Amino acid sequence: KVKKEPITEKTPEKKEETKLVDYVTKCLQDYGMCVVDNFLGPEKGNRILQEVVDLSEAGQFQDGQISSATLPHTQMQKVRGDKITWVEKGTADCDYIGYLIERLDRLMKASNGKLASREINGRTKAMVACYPGDGTGYMQHVDNPNQDGRCITCIYYLNKDWDVSKHGGLLRIHPSQLPSIAVADIEPKFDRLLFFWSDRRNPHEVQPAFRRRFAITVWYFDAEERRQARKRHEIIGAIAKAKKQAMAPSSSATRP
Ligand SMILES: COc1ccc2cc(-c3cnc(C(=O)NCC(=O)O)c(O)c3)ccc2c1
Ligand SMILES: [Mn+2]
């Protein structure tokens, strides 16, 4: 008697998610980056935007800027003009930002094992960033130039009716994995999700923004790289401690 196999009926959402996982993993493999538009839909997108605007207007953002010490003080060209605040799932008054984090975690968990040899095993909190629109941006940089463990940068944009020709604020990536194209220009559009490898494969910049520009970034960790980074950190800490002890005036020494 043949055992009747249960039909694993995939719900439409399940099918949707599998399709998205296949698209994201293939894109990251082939191009080192991936854009997903209309990720959550307008209702959820608007809820998240409202929470971010409320955070911004409640003065929750701190200056994220790093100023380039090399330039004379007068023309201090800010390396980075964004103001940031960190949000975790469960942060008060951030239920919809929490929902976004939940959806990203699910997507990354489902993508695990399909991202080259990377094993994603954790993430940072969500960094909510606001470029104030004063013409500041972020000079070309690499998110993770020295193997700190972060392997995928994931940015969710919240800017309605963004017109780069008027508002600037373009994200320009100079992908080293794609010699064929010089740059990838990504507009910070509402409900747009962007992934890219956080390491030196993707130097990028935020061009000067002339309108308030919101984004939420989560960095996902690669287990092995994170382990190595922690180990290096511990060794550096141990050396510093040993040095301090060696330099401290030893109590046993008799005062002259
Ligand atoms: C030591 O504490 C901190 C805290 C927060 C930090 C945030 C960034 C960062 C990195 N990249 C971008 C970016 O590329 N944005 C692209 C876009 O918005 O389209 C950005 O906005 C911000 C870098 C260093 C940090 C150090
Ligand atoms: Mn960056």
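The donors of the manganese ion (ligand 2) are spaced along the chain as H-x1-D-x60-H. In this predicted model, the protein donors are His 141 through NE2, Asp 143 through OD and His 204 through NE2. Their distances from the manganese ion run from 2.1 to 2.2 Å.

The chain folds into 5 helices and 12 strands. It has 256 residues, and 44% of them count as buried. Among contacts with a separation of 6 or more, 81% link residues 24 or more positions apart. The accessible surface of the chain is about 15,000 Å². Carbon and sulfur atoms account for 55% of that surface.

Nonpolar side chains in soluble globular proteins tend to be buried together. The largest nonpolar core here has 40 residues. Within this core, Ile 97, Ile 152, Phe 195 and Ile 216 touch the most other members. Several elements each supply at least two core residues. The helical contributors are helix 1 (12-31), helix 2 (42-57) and helix 3 (95-111). The contributing strands are strand 1 (33-36), strand 5 (126-131), strand 7 (150-157), strand 10 (192-197) and strand 12 (213-222). Helix 3 gives the most, with 6 residues. The surroundings of Ile 216 show how these parts meet. Beyond its neighbours within four places in sequence, Ile 216 contacts Ile 48, Val 52, Ile 97 and Leu 100, among others. A second core is separate and holds 16 residues. Its members include Val 79, Tyr 157, Ala 184 and Val 206.

Strand 3 (residues 83-87) pairs with two partners described here. With strand 2 (residues 62-63), strand 3 runs antiparallel and is joined by 2 bridges. In that pair, Asp 63 stands opposite Lys 83. Strand 3 also pairs with strand 5, again in the antiparallel sense, over 5 bridges. Ile 84 has Ala 129 of strand 5 as its bridge partner.

The structure holds 0 disulfides. Cys 130 is in none, and the nearest cysteine sulfur, that of Cys 94, lies 15 Å away. Cys 130 counts as buried because its relative accessibility is 6%. Cys 154 is likewise in no disulfide. For Cys 154, the nearest cysteine sulfur belongs to Cys 34, at 9.6 Å. Cys 154 is buried, with a relative accessibility of 1%.

Most residues other than glycine have a negative phi. Ala 116 has a positive phi of about 50°. This residue sits in the loop between helix 3 and strand 4 (120-123). Ala 116 is partly exposed, at a relative accessible area of 47%. Asp 191 also has a positive phi, near 65°. Its loop lies between strand 9 (184-186) and strand 10. Asp 191 is buried, since its relative accessible area is 2%.

Technical notes
Residues are numbered from 1 along each chain as its sequence is written. Chains are lettered from A and ligands numbered from 1 in the order in which they are written. This is a predicted model: local features need pLDDT of at least 70, side-chain atom pairs count only at pLDDT 80 or more; totals for chains, interfaces and linings use all residues. Side-chain values use heavy atoms; hydrogens and water are left out. Helices (H or I, at least four residues) and strands (E, at least two) are DSSP runs, numbered from the N terminus. Buried means under 20% relative accessible area, exposed over 50%, partly exposed in between (1.4 Å probe, protein chains only). Contact means heavy atoms within 4.5 Å. Accessible areas come from the Shrake-Rupley method with a 1.4 Å probe; for residues, only the protein chains shown count as cover. Donors are N, O and S atoms within 2.8 Å of the metal (3.2 Å for Na, K and Ca); water is not among the atoms, so sites may look incomplete. A disulfide is a pair of cysteine sulfur atoms within 2.5 Å. A nonpolar core is a set of buried Ala, Val, Leu, Ile, Met, Phe, Trp, Tyr and Cys residues joined through side-chain atoms within 4.5 Å. Two strands pair if DSSP finds at least two bridges between them.
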